[in-house]
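The sequence and the structure come next.

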Amino acid sequence: MSRATKAHKVRLLNAAYRLRAQHTDMADAARRLAEEFALSSRQAYRYLAQASALSAPVPIVEPTVTITFKLPVSIVRALRAFAQRSGRTLGQVVTEALAAFLGAVRRG
């Protein structure tokens, strides 16, 4: 069986959050989650436990793909240092930078 994607996990967690927000009985909520998403009872209870700790639904994430490209060593060092200082991952920093660049290109 394949592993769940991040997007699928978010859907499951948000479904569990909605059930908890409706004050659905834990056993009933687990049964409903298990049936709707083809989960084991154990998995359903784990999602419900995680959802109980949330103060709001989790934002939907866009699926990602892996790409490979080459960059100068100095750029990679600077990116890694910036990512570490800012508390973000390298992927987050690159995504934000490219999105900002593409937004600027589109504007003019």
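## A loop residue and its surface patch

Isoleucine 67 is placed in the loop that runs between α3 (41–52) and α4 (73–86), in what is a predicted model. With a relative accessible area of 57%, isoleucine 67 is exposed, because the cut-off for that class is over 50%. The side chain takes part in a nonpolar surface patch of about 500 Å², which is made by Val65, Ile67, Phe69, Leu71 and Ile75.

## Helix α4 and the residue after it

## Overall architecture and dimensions

The secondary structure of the protein chain consists of five helices and zero strands, so that reading along the sequence gives the pattern α-α-α-α-α. Taken along the principal axes, the box filled by the C-alpha atoms of the protein chain is roughly 55 × 30 × 25 Å. The radius of gyration of the protein chain is 19 Å, whereas a compact globule of 108 residues would have a value near 13 Å.

Of the 108 residues in the protein chain, 22% are buried, and the accessible surface comes to about 8,600 Å², with 58% of that area belonging to carbon and sulfur atoms. Among contacts in the protein chain with a separation of 6 or more, those between residues 24 or more positions apart account for 47%.

Side chains of opposite charge can pair when their charged atoms come close. With the limit set at 4 Å between a side-chain nitrogen of Lys or Arg and a carboxyl oxygen of Asp or Glu, the count for this model comes to four salt bridges.

Which side chain meets arginine 31 in a salt bridge at 2.4 Å, N to O? The partner is aspartate 28, and because the two residues are three apart in helix α2 (residues 26–37), about one helical turn separates them. Arginine 31 is partly exposed, its relative accessible area being 41%, and aspartate 28 likewise counts as partly exposed, at 27% relative accessibility.

Arginine 31 also forms a salt bridge with glutamate 35, where the closest N and O atoms are 3.3 Å apart. Glutamate 35 and arginine 31 both lie in helix α2, and their spacing of four residues is about one turn of the helix. Glutamate 35 is exposed, with a relative accessible area of 58%.

Another salt bridge joins arginine 88 to glutamate 96, with 2.4 Å between the closest N and O atoms. At 30% relative accessibility arginine 88 counts as partly exposed, and glutamate 96 is also partly exposed, with a relative accessible area of 39%.

Methods
Residues are numbered from 1 along each chain as its sequence is written. This is a predicted model: local features need pLDDT of at least 70, side-chain atom pairs count only at pLDDT 80 or more; totals for chains, interfaces and linings use all residues. Side-chain values use heavy atoms; hydrogens and water are left out. Buried means under 20% relative accessible area, exposed over 50%, partly exposed in between (1.4 Å probe, protein chains only). Patches are made of residues with over 30% relative accessible area and no salt bridge: like charges are joined within 9 Å, nonpolar side chains (Val, Leu, Ile, Met, Phe, Trp, Tyr) within 5 Å. Accessible areas come from the Shrake-Rupley method with a 1.4 Å probe; for residues, only the protein chains shown count as cover. The radius of gyration is taken over C-alpha atoms; the globule rule is 2.2 Å times the number of residues to the power 0.38. Contact means heavy atoms within 4.5 Å.
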